[in-house]
Amino acid sequence: MSNGFTELLVYLDGSEDSMSAAMAAIVLAKQLESHLTAIYVVNTKALQDLVKARIFLDVEQQEYQRDIEGDAVRYLSHVKKLGKKKGVAVECVKSEGAVHQVVRDYISANSIDMLVIGGLSGIHSRRDELLSETDRMMRNATIPVFVVRDNDDIWDMYESLPDTEREDTYDID
Amino acid sequence: MTLTDILDRDLIKVPLEGRSKHEIIEELVDLLSQKKALTNREEILSAVLERESLGSTGLADGIAIPHAKTAAVDRVYLVVGLADTSVDFDAQDGEGSLYFFLVLAPEHEASAHIEILSSIAKTTASASFKRLLRLAKTSEDVYSLFID
């Protein structure tokens, strides 16, 4: 039996929704005194598929991969700073592969007991191929998932936490 | 993000009037510029043509997915067009192209750009989808193929 939500994982993809999710996760980690990890997955599976389908040239694959890896570092660093400001040490993980599978494997390997994600896509289609990565993540999750809608309340909740910088930091893996 | 998040009725044209690769790309870019009141039409067109000059985005079975990342747009856009006569788009299978999906994204939205291209690729790979696409006669028909 788990001792509550002690290991939280927030998924970042650079969207505003995922940044709201990060702020909500920081609030939760502070209130629950949980350990918080932020993960950004470079979607190398999609990049490879696009090359295989000849939609992308090799040079595009490399260029986009560099761009996304740059985004990953930037967003993870930003979330680490947001956490530090509120006294929450955020462990940052940059990974690559098929996004929802990497997240699922990380959850399993690290005994994560709650996944925090940004807003899901609206229901527009019954086609499985039109599911977003966050949709897939939620549907495949074996642990509770906290879905955060992007709204001002999250920002207010985050801002209402007292600012308390803490010294311990984690490197981006 | 997936393509249904950005699919916009105003950005679908059936049939396209262009009869060459350049005309089709111009027509799709013009539709976007006009409907979304974008003032940098030339910059967008140059980005798409520059990418196309590196290698054709004409795939097999009549599908073409021209795309570019450009600072001329502030978010990811998808423009869809169907031609009633096949157009030489230097496609992989040597056949003419009929179904065009133009994707444009700003430089800072690489992840979203990839997800959109990937969902178009997966959807258009389906034989049943291609059959339905062939039957579409209006922009509303095309919209309904994705949004149901």
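A: Before we start on angles, here's how to read them: axes are lines fitted to C-alpha atoms, for helices over the stretch in contact, and angles run from 0 to 180 degrees between N-to-C directions. Also keep in mind that this is a predicted model.

Helix α1 of chain A, residues 16-32, lies across β1, β2 (35-42), β4 and β5 of chain A, and it runs at about 165 degrees to β1(A). On the sheet you'll also find α5(A), which touches β1, β4 and β5 of chain A and whose direction makes about 155 degrees with that of β4(A).

Now the sheet itself. It's an open one with 5 strands in chain A, in the order β3-β2-β1-β4-β5, and the pairing is parallel. At the edges stand β3 (90-96) and β5 (145-148) of chain A, each with a single partner strand, so one side of each is left without a neighbour in the sheet. Neighbouring strands are turned by 25 degrees against each other on average, direction ignored.

Let's zoom in on β4(A). On one side, 3 bridges join β1(A) to β4(A), and the two run parallel. You can pick out the partners: A:Leu8 is bridged to A:Met114 in β4(A), and A:Val10 to A:Val116 in β4(A). Then there's β5(A), joined to β4(A) by 4 bridges, again running parallel. There, A:Gly118 has A:Val148 of β5(A) as its bridge partner.

How covered is β4(A)? Mostly: 5 of its 5 residues are buried. A:Met114, A:Val116 and A:Gly118 point one way from the strand, A:Leu115 and A:Ile117 point the other way, and all are buried.

Back to α5(A), which spans residues 133-140; A:Glu133, A:Thr134 and A:Met137 are buried there. Look down the axis of α5(A) and its buried residues fall within an arc of 100 degrees, so they line one face of the helix. What covers the buried residues of α5(A) includes β1 (7-12), α4 (99-109) and β4 (114-118) of chain A, together with α4 (110-124) of chain B.

The contact is made by A:Ala22, A:Met23 and A:Ile26 of α1(A) with A:Val79, A:Leu82 and A:Gly83 of α3(A). If you're curious about handedness, α1(A) passes α3(A) in a right-handed crossing.

Finally, chain B, which has already turned up in the cover over α5(A). The contact between the chains takes 24 residues from chain B and 25 residues from chain A. On the side of chain B that touches chain A, α1 (3-6) and α4 of chain B each supply at least two residues. The largest share of that side, 10 residues, comes from α4(B).

Terms used
Residues are numbered from 1 along each chain as its sequence is written. Chains are lettered from A and ligands numbered from 1 in the order in which they are written. This is a predicted model: local features need pLDDT of at least 70, side-chain atom pairs count only at pLDDT 80 or more; totals for chains, interfaces and linings use all residues. A residue is buried if 20 or more other C-beta atoms lie within 10 Å of its own, exposed if 12 or fewer, and partly exposed in between; C-beta atoms are placed from the backbone. The arc is that of the directions from the helix axis to the C-beta atoms. Two residues are in contact if their C-beta atoms, placed from the backbone, lie within 7 Å. Two strands pair if DSSP finds at least two bridges between them. A crossing is left-handed if the near helix is turned anticlockwise from the far one by less than a right angle, and right-handed if clockwise.
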